[in-house]
Amino acid sequence: MKKLFIFLFFLVFVFSSFSNKDEKTVVQEKLNSQIKEVKDLVNRYSKYNKEIGFFIDMKIESGKYRFFVCNLKTNEIIDEGLVSHGLGSETGIEGELKFSNENHSFCTSLGKYSIGNKYIGTYGKAYILYGLDATNSNAFSRNIVLHQFESVPYEEQGQFICKSLGCPMVNELFFNRIGELIDHSKTKIILSVYY
C-alpha cells in the first residue's frame with residue numbers, strides 16, 4: 001500500500017510538472033502564431049510598422065503579464081506588462097472570459113487593431129484604436145482606446161486586477177514606455193488581442 005501511495009504521489013508530481021511546461025509552451029505557441037499573423041498583415045501594407053507589434057493574451061489571468069511588446073524581426077518579447085480586460089467579459093467562472101463587439105457590452109473585443117492618434121481624455125493621454133476584424137470593427141464607435149489607469153499595478157500580482165469598460169488599460173509606467181514606441185513610430189503599430 002505504501003508503495004502504491006508513493007507511486008501515485010510520483011505520478012501527480014510528474015504530471016503537474018508537465019502541465020506547467022505545457023502551459024508555458026501553449027502561451028509561447030499562441031504568441032508565435034499571432035506574431036506570424038501580424039507579420040503577414042504588416043508586410044502587405046506600407047502603413048504598418050514592420051519592426052514592433054503589441055500582443056495581449058487574454059487567456060492569461062489579469063494579475064500576470066499578458067501584454068507583450070515584440071520585435072517582429074526576431075520574434076522576441078522586448079517588454080511586458082499587466083493589462084485589464086472589460087468588466088463585461090467576466091463570466092462568473094474563474095479563468096473564463098467572454099468577448100463582444102457590441103456597444104454597451106463593456107466587453108473586451110478580440111482581433112487586430114491599428115493604433116491611431118493620441119489625444120487627452122478622461123485618463124490623460126490615450127490612443128485611438130481601430131478594429132481591423134469583424135470581431136472588433138466597432139472599436140472606434142465604442143470608444144475603445146489604449147490608456148493608462150493609476151489602479152493597474154506595475155508588477156505581477158497573485159490576484160486579479162481592476163477591470164475596464166472594454167479598453168486595454170495598463171499601468172502608467174508601462175504606458176509611458178509603449179507610448180514612446182507609438183509616438184516615435186513613423187507607421188502604425190498593430191495590437192493583437194487574442195484568447
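## Cavity

The largest cavity has a volume of about 50 Å³, a volume being the space filled by probe spheres set on grid points joined across faces, edges and corners. A cavity is a set of points on a 1 Å grid over the protein atoms alone where a 1.4 Å probe fits but cannot get out, and lining residues have an atom within 4 Å of a point. The structure holds one cavity of 30 Å³ or more.

Among the residues lining the largest cavity are Ile56, His85, Tyr113, Cys167 and Val193. The lining divides into seven nonpolar residues, five polar and no charged. Here Ala, Val, Leu, Ile, Met, Phe, Trp, Tyr, Cys and Pro count as nonpolar, Asp, Glu, Lys and Arg as charged, and the others, Gly among them, as polar.

## Sheet

Eight strands form an open, mixed sheet ordered E3-E2-E1-E8-E4-E5-E6-E7. Its edge strands, E3 and E7 (169–170), each pair on one side only. Strands are DSSP runs of at least two residues, numbered from the N terminus, and two of them pair if DSSP finds at least two bridges between them.

## Glu76

Glu76 lies in strand E3 (residues 76–81). Glu76 counts as partly exposed because its relative accessibility is 48%, between the limits of under 20% for buried and over 50% for exposed (1.4 Å probe, protein chains only).

## Basis

Residues are numbered from 1 along each chain as its sequence is written, and side-chain values use heavy atoms, leaving out hydrogens and water. In this predicted model local features need pLDDT of at least 70 and side-chain atom pairs count only at pLDDT 80 or more, while totals for chains, interfaces and linings use all residues.

Methods
On a 1 Å grid over the protein atoms alone, a cavity is a set of points where a 1.4 Å probe fits but cannot get out, and a pocket is an open set with protein on both sides within 12 Å along at least five of seven lines; lining residues have an atom within 4 Å of a point. Helices (H or I, at least four residues) and strands (E, at least two) are DSSP runs, numbered from the N terminus.
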